[in-house]
Amino acid sequence: MDLHLPVSVRELTRAEQKILDYINTNTDTFLFLSIGQLARQLNISDATVSRFARHAGCRDFKTLKGMVMEQASGPVAKMATTLSEDDVFSPESWLERQQLYLQKTAEQLSSVDFERAVEALVSARRVFIHGKNASASLAQMFCFRLRRLGIEVLLLPSGGSELLEGVAQAGKGDLVVMFSFSKLSREGQILLEQSRYAGYQTLSFVGRTCLPDEEQADITLFAYRGGEREYHSMTAPAALLDALVLSVTGRLGKKGAESLRRLHQLKKKYFSP
């Protein structure tokens, strides 16, 4: 990155230019260093680092790191932003934050859309699930849960021509499930566009409450994962998927119970000691 400063580089001392160069070329590392660690890394004094922070228009080193976080991008910057919100990371405070994420998800949850999603899952001829990157784990978990209930589920490849080979099988009566939290991926665009020609229904899990028309699936469910520049948690999406699985199980009734019973009997027959 190139850190934007309120002063010209020529106004900085040679040691301060050294600090700026380190921030620009080692941004991810800088975000996790203390003032003392940075000073030792560059063989300069803590006072020099503090003076640079003031020349950068910041009150102190902590403020400087905050400015770098605002200008930086990527997963490391998000992680650093989340960790910096507390002076010392605490698993207890992190878990409390997850309660807030769950609350925000519940507040935005449409009971109508949730029931539509349940109905779509129960009535679908086949369910195709697509997830990539961090969402791939959610896709695999959802596939595992639904398959245990006797629903025919196919996990779509994350991308490339293999994705096209998979989605080419989907048609009328099928449901395609996708995850589109931060932005609609190229793969997501393909899945939505192809639905207009193939006639399958789409269910999308999103992290935004306002979507343009071209990103609208037939059914959308919102899950809050944290602020735009924070580490993105999967707590709320996973909980929402579990809620869907439980509701689907209830809707399937005897059929779902029978599928689970058969699975239990097979496990007992072949894997019990």
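Modeller: Here we go: we'll talk about the pocket and then some helix packing. Keep in mind that this is a predicted model.

Biologist: What volume does the largest pocket have?

Modeller: The largest pocket comes out at about 440 Å³.

Biologist: And which residues lie nearest its centre?

Modeller: Those are Lys132, Asn133, Ser135, Ser182 and Arg225, out of 17 residues that line the largest pocket.

Biologist: How does that lining divide into nonpolar, polar and charged?

Modeller: The lining of the largest pocket has eight polar residues, five nonpolar and four charged.

Biologist: OK, switching to helices. At what angle do helix 8 and helix 12 cross?

Modeller: Roughly 60 degrees, and the axes of helix 8 (residues 111–123) and helix 12 come within 9 Å. Because of that angle, helix 8 counts as oblique to helix 12.

Biologist: Is that crossing left-handed or right-handed?

Modeller: Helix 8 passes helix 12 in a right-handed crossing.

Biologist: Which residues make the contact?

Modeller: From helix 8 you have Phe114, Glu115, Ala117, Val118, Glu119, Leu121 and Val122, and from helix 12 there are Leu240, Ala243, Leu244, Ser247, Val248, Arg251 and Leu252. In the contact of helix 8 with helix 12, 10 residues are nonpolar, three are charged and one is polar.

Biologist: Where does helix 7 come in? How does it cross helix 12?

Modeller: Helix 7 (residues 91–108) and helix 12 (residues 235–252) cross at roughly 55 degrees, and their axes come within 9 Å. That angle is why helix 7 is oblique to helix 12. Helix 7 also passes helix 12 in a right-handed crossing.

Biologist: Which residues meet there?

Modeller: On helix 7 they're Gln98, Tyr101, Leu102 and Thr105, and they meet Thr235, Ala236 and Ala239 of helix 12. The contact of helix 7 with helix 12 divides into four nonpolar residues, three polar and no charged.

Biologist: One more pair. How do helix 3 and helix 4 pack?

Modeller: Helix 3 (residues 35–42) packs on helix 4 (residues 46–55) at an angle of about 110 degrees, with the axes 8 Å apart. Angles of 65 to 115 degrees count as roughly perpendicular, so that is what helix 3 is to helix 4.

Biologist: And who's touching whom?

Modeller: Ile35, Gly36, Leu38 and Ala39 of helix 3 are in contact with Asp46, Val49 and Ser50 of helix 4. The residues of the contact of helix 3 with helix 4 are four nonpolar, two polar and one charged.

Technical notes
Residues are numbered from 1 along each chain as its sequence is written. This is a predicted model: local features need pLDDT of at least 70, side-chain atom pairs count only at pLDDT 80 or more; totals for chains, interfaces and linings use all residues. Side-chain values use heavy atoms; hydrogens and water are left out. On a 1 Å grid over the protein atoms alone, a cavity is a set of points where a 1.4 Å probe fits but cannot get out, and a pocket is an open set with protein on both sides within 12 Å along at least five of seven lines; lining residues have an atom within 4 Å of a point. Grid points are joined across faces, edges and corners, and a volume is the space filled by probe spheres set on the points. Ala, Val, Leu, Ile, Met, Phe, Trp, Tyr, Cys and Pro count as nonpolar, Asp, Glu, Lys and Arg as charged, and the others, Gly among them, as polar. Axes are lines fitted to C-alpha atoms, for helices over the stretch in contact, and angles run from 0 to 180 degrees between N-to-C directions. Helices (H or I, at least four residues) and strands (E, at least two) are DSSP runs, numbered from the N terminus. Angles under 35 degrees count as roughly parallel, over 145 as roughly antiparallel, 65 to 115 as roughly perpendicular and the rest as oblique. A crossing is left-handed if the near helix is turned anticlockwise from the far one by less than a right angle, and right-handed if clockwise. Contact means heavy atoms within 4.5 Å.
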